[in-house]
There are 2 protein chains.
Amino acid sequence: MLMLKKPQLLHAEVVAHTQVFKVEQLDLRFANGTEVRYERLLGSQDGAVLIIPMIDEQTALLVREYAAGVGDYQLMLPKGRIEKGEPPLDAANREMMEEIGYGASKLTHITTLSQAPSYQTHATHIILAEQLYPEKRQGDEPEPLEVVPWRLDNLPELFATGEFNEARSVAAIYMARDLALTARGQ
Amino acid sequence: MLMLKKPQLLHAEVVAHTQVFKVEQLDLRFANGTEVRYERLLGSQDGAVLIIPMIDEQTALLVREYAAGVGDYQLMLPKGRIEKGEPPLDAANREMMEEIGYGASKLTHITTLSQAPSYQTHATHIILAEQLYPEKRQGDEPEPLEVVPWRLDNLPELFATGEFNEARSVAAIYMARDLALTARGQ
């Protein structure tokens with residue numbers, strides 16, 4: 001570990017604030033004296049959840065949702081923002097009910113991922129949901145999402161669709177597959 | 001496939017533009033008539049590359065780099081922005097030389113990931129780099145990056161460090177492990 005002395009913060013300032021995004025400019029001095037100006041997106045302090053809902057031991061439920069950033073429908077795992085003060089597992093259960101019409105009796109926090117640690121503060125908690133039961137709640141989706149079951153032993157075909165390429169969803173479904181294999185003693 | 005008719009774009013407008021970020025506001029009308037206002041980050045048209053540099057058949061080279069977004073050092077795969085007009089494989093080779101001091105004789109595009117398709121246009125090309133040779137070029141890093149070799153058959157220990165949690169890096173190293181297993185006929 002060569003350089004674990006963190007850079008010194010010289011100045012921080014919010015330079016843009018829209019309805020969704022807040023951009024902070026940072027001036028940093030590294031341990032070797034180099035000064036650099038960065039910008040980062042300030043996310044909500046509470047972060048987001050992304051859920052792997054297992055309808056059986058081998059099958060996850062994906063959603064096909066319109067993704068305004070890329071301007072097309074995409075296959076993804078259900079996800080959403082954590083509301084203020086809401087425990088992540090509760091947020092996961094709520095988002096599942098809103099997006100796919102299921103709750104889960106067993107919710108497990110697997111890990112926490114960052115989207116772009118170089119310029120975002122945003123954290124996403126990855127939640128494995130098992131023992132599902134039907135329960136639908138109304139969310140803020142502009143239209144119902146199509147639910148697409150997919151077996152974890154068939155990930156190459158999922159990637160080959162070209163529709164499933166959100167980095168967090170890809171990372172999470174691999175992790176769920178590893179857990180499913182471990183559970184089966186493989 | 002229930003609802004592949006894309007929403008109609010009613011209005012688009014750039015509402016913030018900083019040194020690094022450009023925020024576009026979109027008004028969309030979904031097929032069912034629901035109108036929604038979104039914001040998305042406009043990325044560079046050329047996107048980014050993220051590289052899995054294989055120093056041998058089982059060992060990838062990671063970097064430990066200060067990540068200003070989360071304000072801490074992180075373990076990640078080497079990555080960087082594609083320069084205007086630069087082919088992605090050339091960008092991958094250049095970023096490797098700048099960040100870890102190696103070029104690669106064999107570069108393979110594995111897939112293209114999005115970070116947040118719901119509110120970013122940004123695309124990251126995932127490149128497997130093999131047959132490495134030492135070559136150092138000066139990049140724009142404020143300090144030299146520590147290079148950390150990691151065996152692909154030991155991913156659970158990597159995740160357990162708590163330092164390797166960037167979603168794109170996690171997704172990419174899983175894909176590289178799958179490819180390495182396939183190459184060995186497992």
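Select helix α3 (residues 167–183) of chain A together with helix α3 (residues 167–183) of chain B: in this predicted model their axes come within 8 Å and cross at roughly 50 degrees. Helices here are DSSP runs of H or I with at least four residues, strands are runs of E with at least two, and both are numbered from the N terminus; axes are lines fitted to C-alpha atoms, for helices over the stretch in contact, with angles running from 0 to 180 degrees between N-to-C directions. α3(A) and α3(B) are therefore oblique to each other, given that angles under 35 degrees count as roughly parallel, over 145 as roughly antiparallel, 65 to 115 as roughly perpendicular and the rest as oblique.

Keep both helices selected and show the side chains of Ala167(A), Arg168(A), Val170(A), Ala171(A) and Tyr174(A), then those of Ala167(B), Arg168(B), Val170(B), Ala171(B) and Tyr174(B), which make the contact; two residues are in contact if their C-beta atoms, placed from the backbone, lie within 7 Å. By class, this contact of α3(A) with α3(B) has 8 nonpolar, no polar and 2 charged residues, where Ala, Val, Leu, Ile, Met, Phe, Trp, Tyr, Cys and Pro count as nonpolar, Asp, Glu, Lys and Arg as charged, and the others, Gly among them, as polar.

Then colour chain A by domain, using the automatic or database assignment that gives domain 1 (8–41) and domain 2 (48–183). Taken over C-alpha atoms, the centres of these two domains of chain A are separated by 31 Å.

Finally, turn to chain B and select its open sheet of 3 strands, with the order β1-β2-β3 and antiparallel pairing; strands pair if DSSP finds at least two bridges between them. The edge strands, β1 (8–17) and β3 (35–41) of chain B, each pair on one side only, and the twist averages 20 degrees from one strand to the next. Within the sheet, β1(B) and strand β2 (residues 22–29) of chain B pair in the antiparallel sense over 8 bridges, and Gln8(B) stands opposite Arg29(B) in β2(B).

Residues are numbered from 1 along each chain as its sequence is written, and chains are lettered from A and ligands numbered from 1 in the order in which they are written. As the model is predicted, local features need pLDDT of at least 70 and side-chain atom pairs count only at pLDDT 80 or more, while totals for chains, interfaces and linings use all residues.
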